[in-house]
Amino acid sequence: MAFVRAPSPFLLVLVLALSISAAITATTTVPQPISDHHRSAALNLFAPSHGSFPSLQDAYEALRVFEILGIEEKHRVSTDTCKVVLENLSSLSSSLKDLFYALKVNGILKCKVNGEVFEGIASRLNASISDASPLPDLYYSIGGLVLIKDQDSNVDVLLADATGTFQSIKAQSQSDGKWRYSSDKTESSAYAAGLAFEALAGVISLASSEIDQSKVNTVKHDILKLFGSIEKNDDGSFYFDGETVGGHEHQDSLSTTSSVVRGVTAFAAAVSGEINLPGDKTLGLAKFLLGIGVPGDAKDFFNQVESLAFLESKRQVPIQVNLLFKFVLQQYFFSFCFLFFSANVTLDLSWCRVTIPLILSLPETVYSLTTKGQLKVRVSTALGSAAPPLVVKLVRAFSSGAKDSSIIESKELQYDKRSGLHVLDGFTNNVDVGTYVFVFEIVLHDSHSKQVYATGGQIHMPIYVTGIIAVSNAEIGVLGDLGSVQTKKALDLAGNDVVSFSANHLQKLRFSFQLATPHGHVFKPHQAILKFRHEIKVEHVFVIGNVGKKFEITLDFLGLVEKLFYLSGKYDIELTVGDAAMENSFIRLLGHVKLDLPEAPEKAAQPPAPPVDPYSRYGPKTEITHLFRTPEKRPPQNLSITFLGLILLPFLGFLIGLLRLGVNLKNFPSSTVPAAFALLFQLSIAAVLLLYVLFWLKLDLFTTLKTLGFLGAFLMFSGHRILSYLASTSTKLKSA
Amino acid sequence: MSKKLIVLFLGLVPLLCTCFSPDTPSDRRVLVLLDDFAIKSSHSIFFNNLKSRGFDLDFKLADDPTISLQRYGQYLYDALILFSPTIERFGGSIDAAAILDFVDSGHDLIVAANSNASDLIREIATECGVDFDEDSSALVIDHSGYAVSATEGDHTLIASDDFIKSDVILGSEKIKAPVLFQGIGHSLNPSNSLVLKVLSASPSAYSANPKSKLTSPPSLTGTSMSLVSVVQARNNARILISGSLSMFSNRFFRSDVQKAGSPTKHDKSGNEQFVTELSKWVFHERGHLKAVNVKHHKVGEVDEPAIYRINDDLEYSVEIYEWSGKTWEPYVANDVQVQFYMMSPYVLKTLSTDNKGYYFTAFKVPDVYGVFQFKVEYERLGYTSLSLSKQIPVRPFRHNEYERFIPAAYPYYGAAFSMMAGFFIFTAVHLYHK
């Protein structure tokens, strides 16, 4: 005990040292408090469809969010919802959960419910408590009774066996501070613990006689153990991890956290201000809840807003404690708190509380030297309501690169009543451009507030101070192999003029420029890049370093030939200078250099393939038409007919010749049989010739040959007869 | 046992009915893997938008041991959304190979990374042809194209408006405002011709750690760096890879945006429009083509012949439709081409269209015989590729199909016939003259 009350100087030093280092490494984003974004999002999310909500739970969540955020939506839904509430409350078959939410909605809407209905429900709920029911049922029943007590003081809701009920709930707690849903389930969860705390709080307020203080203290101890399993993010926010328990649905970290917050704050309220949590944890929880931003899910939205409201609800002031030690523990070294608790359970638990987190936020973190703005800081509660009287102190400010040298030390910010902001005028006068970390501290005016609010100690905020950077003395030139300057040109980097050079691999290219801040100091930008781009789109990037005041880069082409893939030709030179603090960041084409590099050796690396242009890759192809073979060249038809006439001329000549010679057919046989054969012979010759004509005109080879065979045989027979006859007559003549 | 089977079967019937099919190519069942269920709420506008378009989203934690993509060889989902940039190892039976198999079987994928992207997510991206910056602390920084903000001073919140010029990927409506992006950049694998930059970085952007001094040249700079890329695989599976998870978040959707150096301040960023249009494309609500009724016949005939003769005049027609998410709409374009192909195209002709999805043309069969193909190889930026081919043989003239009475040969005919007539007269004169 004495150890706790009067810590040794050594421990204090250690704690302070640790705390400072922890504070510096903590990330610097602090979420903004609830604002109008939330209100407009809530109106969208919780808009009842056709004037009514899908369930009583949804109705309660919507109404509760509207209540917390101060949105006047009640009258629009009250008639319809009240009807549902009354139906549920009067019905004997409605479940415990429905009764619970009906009572909760009634608490907000104040529907006209008569006392008898309450009495009936109260006895029903009381009856269900006596059974060894699972935790959710106990939670709904006890919660329902508490709500009836609040809504109608005439109804007797006191628990007959409060201690027994308390015990039966407490029996399900586990050694790590988590709770089981019922005795036959083995897994425990933090979500259930939240339900249990709320139920226990209910039991305490419903108890007809005082609950034994030692029992209450063990629950407090459970709470602190549960907070031992809290998870921490890098940004200093605390939350309870999501979990899936048994057959129950998965609870994500938000619903788990909000369940615990609801339970713990309810319990803290029930046990008259003696339940205690370090300020860092409540602040961390608030940070976690605010870090979610504007949830897009109604359930998440409700959990976030309701938890924040619970964290903010006013509670009694706890008893006086050792302020210095509490401060140290609260701000930085909360885990010691638990260490001591677990070491000595009977310790006086009253010096930690559930404190209201104060959120320090900056409407702006980027300040421009050109506009000379004020540094503005807003301090409010998580829900955005006004903070108690306080002073915001700028403890120190240092450049994010150099932690040791402060540029501003301990200044108090002026409170501007009109805007509700704490402002620091003219801070930009002696601050140069750059990235800084400003360390703020909230100092509360009275000791009363100090115990109600958690301020989070030193708060580190990144501040960007931007300005116009002067660019000067830009020079570009080509050097010979011995460093002799061959060509050199001054460049105006603000203008658009470009230069062009030619160089070979024995030469060097040097480019230099200077940057100065508005205060005349050297400015080192984050991005100072020189880019060489060859015609075939191969790029090479060089970082420009600084020597003293001057930024300079010398490119020795002899050493770079391999990197440049031995690619001769025109290169574009592009300069990019940019920084978060530089308002006139620029990208600019400096000019061109025509490089004459040696031929690539055989084993040199090939330049990478240029990227395919998607637009040209997918275009239509050029059409192809087939080139047909040209038909053979033929003489005109008239010429053919003329030639036909010429061809027929010899035949005519032949006929005329015959007539001229005076041909006769006197040798034709005169007797019947030879004459018939002669006629047949001539006829069959004519038939064969006709067959040839027919073959030309239409017949195919097979018909022609068949007919020709037949005609041939006939021709031979008749020919033989007539020719032998003619031969015999001619020999007779000769012999005669 | 049999009862169980029946129940199981009846349970599967609705699943089978709603799954991905060639007739309704939009995805229906989508598995969403998250790092934390908080993403479900912080990105709810995106998810609600998908739900309102009829998608059945199944949210799971990425390390949930019960997740699986397929059961009994059947895929349980049509698409996968990986909003779990930090996951080192998926739960259940899913690993990088399973996800790539999922894509290889024609399913779609959305991957969002951020500055904490795990090796697993990087590996999946690399397999898709996207290489994230290997420096795990690097972010995309743009000192000239950042989004003006009173609270974000390090210029990693980028307002980008360098979109791909493709109506099918980003919708016909112009993206109204710059898109807010905060995350890591990537480069495209040059050997992969299927991956496309949808949102590229500005020339002044680079990828580096904003908190430390830049000593070596950044690996990714300028417009060669991509912020959001898509892949359309050869099997028409579509993949979206973004270096920023917050691009999909409600915060960025609702945020106002003013690009540095620009006087116009937009009340709402272009993220919602950009992401919605892009997801429509990825989930095959746009740009999915089908070709039906491929017909060809000789001019003046109706039936398709079994063979063409050289120099025949033929007509070719095809109907092409685009899936609009609900129905097949006629596809209107003027660059559909047909090839008459044997080893190489002999004829390549652009089809005429009636602007109602009907494409037609007529041409003469080349005077080369052999086995030809009618080929339609339609590949356009963002559209699924159409590859139709129909084989058809082409024969030469028959012997009796050549020209019969050639005028140029009349002198030869005349000579032969006058010869024959002369012969006949000569025989008579020779035999019977006295």
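A:Arg64 is buried, with a relative accessible area of 15%; buried means under 20% relative accessible area, exposed over 50%, and partly exposed in between (1.4 Å probe, protein chains only). This is a predicted model, in which local features need pLDDT of at least 70 and side-chain atom pairs count only at pLDDT 80 or more, while totals for chains, interfaces and linings use all residues. Residues are numbered from 1 along each chain as its sequence is written, chains are lettered from A and ligands numbered from 1 in the order in which they are written, and side-chain values use heavy atoms, with hydrogens and water left out.

**Salt bridges within chain A**

- A:Arg64 forms a salt bridge with A:Glu67, with 3.0 Å between the closest N and O atoms; a salt bridge is a side-chain nitrogen of Lys or Arg within 4 Å of a carboxyl oxygen of Asp or Glu.
- Both residues belong to helix 4 (residues 56–69) of chain A, and because they are 3 residues apart there, about one helical turn separates them.
- A:Glu67 counts as partly exposed, at 41% relative accessibility.
- Another salt bridge joins A:Asp497 and A:Arg588, whose closest N and O atoms are 3.0 Å apart.
- That pair links distant parts of the chain, 91 residues apart: A:Asp497 is in the loop between strand 18 (485–491) and strand 19 (499–504) of chain A, and A:Arg588 is in strand 26 (residues 586–596) of chain A.
- A:Asp497 is partly exposed at 37% relative accessibility, whereas A:Arg588 is buried at 7% relative accessible area.
- Over all chains, the structure holds 31 salt bridges.

**Chain A as a whole**

- Chain A has 22 helices and 26 strands; helices (H or I, at least four residues) and strands (E, at least two) are DSSP runs, numbered from the N terminus.
- Of the 736 residues in chain A, 47% are buried.
- Of the contacts in chain A between residues at least 6 apart in sequence, 70% join residues at least 24 apart; contact means heavy atoms within 4.5 Å.
- A:Gln172 is in the loop between helix 9 (162–170) and strand 1 (179–180) of chain A, and this residue is buried at 13% relative accessible area.
- Leaving aside residues up to four places away in sequence, A:Gln172 touches A:Lys178, A:Trp179, A:Arg180, A:Ser182 and A:Ser183.

**Annotated regions**

- An unreviewed UniProt entry places the feature "transmembrane region" at residues 639–663, 675–696 and 708–727 of chain A; UniProt positions are given in the numbering used here, feature names are shortened, and annotations may be inferred rather than shown by experiment.
- Residues 639–663 of chain A are 92% helix and 0% strand, and their end C-alpha atoms lie 35 Å apart.
- Residues 708–727 of chain A are 100% helix and 0% strand, with end C-alpha atoms 26 Å apart.
- For chain B, UniProt lists residues 296–434 as "domain: OST48 middle" (unreviewed entry).
- The span 296–434 of chain B is 17% helix and 43% strand, and its end C-alpha atoms lie 73 Å apart.

**Inside chain B**

- Helix 5 (residues 119–127) of chain B has the buried residues B:Leu120, B:Ile121, B:Arg122, B:Ile124 and B:Ala125.
- The elements of chain B that cover these buried residues include strand 5 (79–83), helix 4 (96–104), strand 6 (108–112), strand 7 (130–132) and strand 15 (238–242).
- After helix 5 of chain B comes B:Gly129, whose phi is positive, near 90°.
- B:Glu401 forms a salt bridge with B:Arg398, the closest N and O atoms lying 3.4 Å apart.
- B:Glu401 is partly exposed at 25% relative accessibility, and B:Arg398 is partly exposed at 47%.
- Salt bridges with shared partners join B:Lys298, B:Arg309, B:Asp312, B:Arg395, B:Arg398 and B:Glu401 into one network.

**Where chain B meets chain A**

- The contact takes 85 residues from chain B and 81 residues from chain A.
- About 6800 Å² is buried between the chains, with 63% given by carbon and sulfur atoms; buried area is the accessible area (1.4 Å probe) that two parts lose on being put together, summed over both.
- There are 2 salt bridges between chain B and chain A, including one between A:Arg634 and B:Glu403, with 2.9 Å between the closest N and O atoms.
- Helix 3 (44–52), strand 13 (206–208), helix 7 (250–254), strand 20 (337–342), strand 21 (344–350) and helix 9 (410–432) of chain B each supply at least two residues of the side that touches chain A.
- Helix 9 of chain B gives the largest share of that side, 19 residues.
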